[in-house]
Amino acid sequence: MRVIGIIPARYDSSRFKGKPLADLWGRPMIWWVYHQVRKARRLQEVWVATDHEAVRETCAQYQIPCKMTSPQCPTSTQRVRQAAQDLEGDLFVCVNGDEPLIDPDLVDRVVPDSLEGFFAANLMAPIHSPVEAVDETNIKVVADQGGKALFFSRSPIPHPKGSVNFQFYKHVGVLCYTREALDFFAQAPRGPLEAIEDINELRFIEHGKPLRMIPVAGGTLSVDTPKDLEYVRGVLRKKLDRGEL
């Protein structure tokens, strides 16, 4: 079973233009993401997929494998599919390009032990505070007893009417796809639920495709804004001082 990691790195983020090249202690953020993902034991290759020449040039400078994709790719999933077209692999693991502190063990957790019956998978992490639960940037998810995703929402789900004794979960931006799943996503139309919530993963649910949810203990520290970058820079400094990276 050949597993390939792909890191989508879009340059023109609406909230943080040039984010993949943002400086983190003398190196661009994409360098940190790549080197963390490269530590995952279950990946045979890792590539960056970008839409901008500046990111490609930076990857070349640091000897990071990189593929150019169209600036018109509407989602990170479609960017991963475009990059995977000429790669020989059975599974493709997507790790967002704004995760400089991603734990390699989390990346390994999303990879199944067997291809039998597998279509796609996504990590989810427990929510520990009401603030996280109501924050619309934290995508909440519920799954059935077998771990199959039932729904994603930017609102807290389920609503705690009958009891507050429930562990809420949020989506983590680490996903694993078969080539069939990537092809399906690219060819299937965007449904009304996906459109109103603006959550890519709802495309699988709306079309009845299985998306396996895998609970993990820890979440991630993604960089969405310059303010996030300052916070991650401080966390990174502490990890470097302790020799953890």
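Residues are numbered from 1 along each chain as its sequence is written, and side-chain values rest on heavy atoms, with hydrogens and water left out. Since the model is predicted, local features need pLDDT of at least 70 and side-chain atom pairs count only at pLDDT 80 or more, while totals for chains, interfaces and linings use all residues.

Most residues other than glycine have a negative phi, and most peptide bonds are trans. The bond from I157 to P158 is cis, with omega near -5°. P158 sits in the loop between β9 (149–153) and β10 (169–178); here helices (H or I, at least four residues) and strands (E, at least two) are DSSP runs, numbered from the N terminus. Q63, in the loop between α2 (53–61) and β5 (66–68), has a positive phi near 55°. Q63 is also exposed, at a relative accessible area of 73%, where exposed means over 50%, buried under 20% and partly exposed in between (1.4 Å probe, protein chains only). D198 is another residue other than glycine with a positive phi, near 60°. The loop between α7 (192–197) and α8 (202–206) holds D198, which is partly exposed with a relative accessible area of 44%.

Helix α1 (residues 29–37) is largely enclosed by the rest of the structure, because eight of its nine residues are buried. Those buried residues are M29, I30, W31, W32, V33, Y34, Q36 and V37.

Next come the strands, which count as paired if DSSP finds at least two bridges between them. Strand β8 (residues 140–143) pairs with β9 in the antiparallel sense over four bridges, and K140 has S153 in β9 as its bridge partner. The hairpin of β8 and β9 has five residues between the strands, and in this hairpin G147 takes a positive phi near 90°. β8 also pairs with β10, again in the antiparallel sense, over two bridges. Here V141 stands opposite Y169 of β10.

What about open space? A pocket is found on a 1 Å grid over the protein atoms alone, as an open set of points where a 1.4 Å probe fits, with protein on both sides within 12 Å along at least five of seven lines; lining residues have an atom within 4 Å of a point. The largest pocket has about 1,700 Å³ of space, a volume being the space filled by probe spheres set on the points, with grid points joined across faces, edges and corners. Its lining is made up of 47 residues, and R15, N96, D98, S222 and D224 lie nearest the centre. Elements giving two or more residues to that lining are β1 (3–9), α3 (76–84), β10 and α9 (226–241). The most comes from β10, with six residues. By class, the lining of the largest pocket has 13 nonpolar, 17 polar and 17 charged residues. Ala, Val, Leu, Ile, Met, Phe, Trp, Tyr, Cys and Pro count as nonpolar, Asp, Glu, Lys and Arg as charged, and the others, Gly among them, as polar.

As for the cysteines, the whole structure has zero disulfides, a disulfide being a pair of cysteine sulfur atoms within 2.5 Å. The sulfur of C66 has its closest cysteine sulfur in C59, and the 4.1 Å between them is too far for a bond. C176 is in no disulfide either, the nearest cysteine sulfur being that of C94, 10 Å away. C176 counts as buried, at 0% relative accessibility.

T77, in helix α3, is buried at 2% relative accessibility. Leaving aside neighbours within four places in sequence, T77 is in contact (heavy atoms within 4.5 Å) with Y177, L182, F185 and N200. V134 belongs to helix α5 (residues 130–134) and is exposed, with a relative accessible area of 59%. Not counting residues up to four places away in sequence, V134 touches K140 and P156. V134 and P156 are 22 residues apart in sequence, with 6.0 Å from C-alpha to C-alpha. Finally, E88 is found in the loop between α3 and β6 (91–95) and counts as exposed at 67% relative accessibility. Although E88 and V3 are 85 residues apart along the chain, their C-alpha atoms are separated by 9.0 Å. With neighbours within four places in sequence left aside, E88 is in contact with R2, I4 and R179.
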